[in-house]
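Hi,

Here is the structure I promised to pass on. Have a look at it first, and my notes on what turned up follow below.

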Amino acid sequence: MTIPNLVPLAARQSQPTPVAETSLCQRAAAYGQEKVTKQATASIGQAMFAGAFIALAFVFYLTVTTGASGDWGMVRLVGGLAFSLGLMLVVICGGELFTSSVLSSVAWAQKRVSTRQLLVCWGRVYLGNFCGAMIMLALILSAKMYLLDGGLWGLNALKVAQHKLHHSWGQAFALGILCNMLVCLGVWMTFASKEVLTKAILLMLPVAMFVSSGFEHSIANLFMVPLGIAIKQLAIWDWYQIPGFTAQQFNDLTLLHFLTNNLIPVTAGNIVGGGIVVGLGYWWIDAGKARVVPEKVPLRAVHLEPVLSRDQQGKEQNSYSDNAANTISILSSKVCRGETQMPKSIQKLNVSALMEQTPFTLTPELSVYEGLKQLNEAQLRGAPVVDAQQRLLGFVSQQDLLRSLWSEEFVRGIGYKVADLMQTRVLTVTPDDAVADLIEVMVVDRDKLFPVSDMGVLTGNTYASYEERLRHASASKPSCFPVVSEGKLVGVITREAIVTKVCAVYG
């Protein structure tokens with residue numbers, strides 16, 4: 001028996017956009033955990049792309065700054081804005097960049113990943129970035145781009161590469177810290193938006209600042225300095241006779257000098273600036289907030305996937321698993337109760353105080369007729385569907401069952417069961433969730449009440465006062481919510497129970 005994954009009730013209804021469902025630190029932790037636990041081949045492949053993106057950005061930088069004779073600061077600003085293309089490509093097109101991957105330290109601090117997993121991730125991403133940079137280096141040399149502008153492009157690359165080797169160890173380390181603070185702050189800001197254009201704009205100024213100020217980026221250096229060394233060693237030298245320039249001026253541009261005087265201290269500085277100063281710094285602040293006011297994410301949608309298995313006799317048995325990867329938060333208690341005027345007796349009320357602890361339930365093997373009959377006898381419009389262990393499998397309503405009868409023109413003998421027709425994506429609450437939060441979800445559609453996009457753009461067609469918007473901001477949400485604890489159904493809470501309590505308080 002195949003159990004179709006029908007379009008769920010929650011999916012058919014308008015859901016409010018999660019305005020602040022999780023803190024930026026929590027998003028950074030999820031971002032870091034995803035990087036660390038990613039399949040190694042995918043991680044290395046994306047890291048190679050990221051290394052290539054940064055190399056392309058440095059080619060852009062060299063092109064726009066070659067031969068520029070304007071104001072020193074403006075030339076560097078233009079070069080920095082050009083270089084920001086690299087991080088935009090990494091964030092928007094998908095890439096694993098070492099300097100932003102160090103933000104996975106937040107996931108490590110929250111014990112989502114082990115120290116070994118963290119270091120392995122950093123190592124493979126660094127290796128992938130190096131390979132991507134070397135591929136681009138080979139292409140740039142093959143294209144003989146160093147001959148552009150009469151050889152001035154190549155001379156510019158040599159000067160930039162040599163300048164990076166003239167820092168002291170401590171200076172290179174400090175410049176690495178400053179650089180990756182800005183890179184990771186830029187990435188951190190992108191956690192606040194889902195808009196691609198917004199992400200790109202947010203990345204521009206932090207990258208432009210670190211480039212124009214001469215801060216040191218280890219992955220950029222993996223391309224830039226080897227490019228200078230390659231031009232010096234492998235390029236055709238019929239163009240080097242530019243006034244005031246000789247090949248001997250770049251004798252110190254060597255691989256050993258690059259490793260000891262630049263790459264090692266800059267890489268260490270990048271780890272400190274991004275992983276410790278930004279990542280662990282914000283984690284420490286967020287952890288302090290959690291100790292004072294623990295954040296609750298009360299309401300979630302759980303997607304309950306049916307999985308089919310066969311016994312030795314070939315009979316089909318239905319088993320179900322809670323697919324946690326499809327669990328999504330849709331509101332935050334911080335957002336909905338920040339300035340509420342609701343009586344404290346309701347503000348402090350939890351779902352456990354109002355829920356029905358022995359709810360009416362259905363079993364998945366019931367026929368469509370028996371399920372409809374039991375709902376009618378219980379005078380209920382819908383009920384949770386559970387297995388023998390009281391695990392929540394789904395939710396079925398009279399409408400779901402009548403729809404199947406209508407589709408078959410009410411012919412008797414339809415072989416559908418409740419398991420075939422139940423909704424497997426169910427909005428649930430826990431016993432400790434706040435009733436005040438649940439009231440908002442039931443009665444208010446925040447998208448209609450506050451018609452503004454993530455970018456702050458008004459989405460409504462005409463102006464309307466708050467009172468007018470509130471009048472039309474009714475939410476299309478269920479009136480009955482299963483209450484789940486540790487994967488098992490422990491009760492249901494209905495709008496009627498909440499109304500009864502509210503009437504008692506105000507009465």
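Gln379 is not a glycine, yet it has a positive phi of about 55°. Most residues other than glycine have a negative phi. Gln379 is also exposed, because its relative accessible area is 72%; buried means under 20%, exposed means over 50%, and partly exposed is in between (1.4 Å probe, protein chains only).

Before you read on: this is a predicted model, where local features need pLDDT of at least 70 and side-chain atom pairs count only at pLDDT 80 or more, while totals for chains, interfaces and linings use all residues. Residues are numbered from 1 along each chain as its sequence is written, and side-chain values use heavy atoms, with hydrogens and water left out.

Lys144 is another non-glycine residue with a positive phi, near 55°. You'll find Lys144 in the loop between helix H7 (115–142) and helix H8 (152–164). With a relative accessible area of 40%, Lys144 is partly exposed.

Now the overall picture. The protein has 507 residues, and 46% of them are buried. Its secondary structure comes to 22 helices and seven strands. The protein exposes about 24900 Å², with carbon and sulfur atoms supplying 60% of that; accessible areas come from the Shrake-Rupley method with a 1.4 Å probe, and for residues only the protein chains shown count as cover. If you take the contacts (heavy atoms within 4.5 Å) between residues at least 6 apart in sequence, 80% of them join residues at least 24 apart.

Tyr61 is worth a click. Tyr61 sits in helix H3 (residues 40–65) and is buried, because its relative accessible area is 11%. Which residues does Tyr61 contact, leaving aside its neighbours within four places in sequence? They are Gly79, Gly80, Ala82, Val160 and Val211. Tyr61 and Ala157 are 96 residues apart along the chain, and their C-alpha atoms are separated by 9.8 Å.

On to the charged pairs. A salt bridge here is a side-chain nitrogen of Lys or Arg within 4 Å of a carboxyl oxygen of Asp or Glu, and by this rule the count comes to seven. Here are some of the ones I looked at:

- Lys38 pairs with Glu34, with 3.3 Å between the closest N and O atoms. Lys38 counts as buried because its relative accessible area is 16%, while Glu34 is partly exposed at 41%. Glu34, Lys35, Lys38 and Glu96 are linked in a network of salt bridges.
- Asp387 pairs with Arg391, the closest N and O atoms being 2.6 Å apart. Asp387 is buried at 13% relative accessible area, and Arg391 is partly exposed at 35%.
- Asp400 and Arg403 meet in a salt bridge of 3.3 Å, N to O. Both lie in helix H17 (residues 398–407), three residues apart, which is about one turn of the helix. Asp400 is buried at 4%, whereas Arg403 is partly exposed at 35%.

Last, the surface. Met74, Leu77, Leu81 and Leu205 make a nonpolar patch of about 350 Å². Patches are made of residues with over 30% relative accessible area and no salt bridge, where like charges are joined within 9 Å and nonpolar side chains (Val, Leu, Ile, Met, Phe, Trp, Tyr) within 5 Å. Helix H4 (residues 72–93) gives the largest share of this patch, three residues. Leu205 belongs to helix H10 (residues 196–212) and is exposed, because its relative accessibility is 60%.

Cheers

Definitions and conventions: Helix = DSSP H or I, 4+ residues; strand = E, 2+ residues; numbered from the N terminus.
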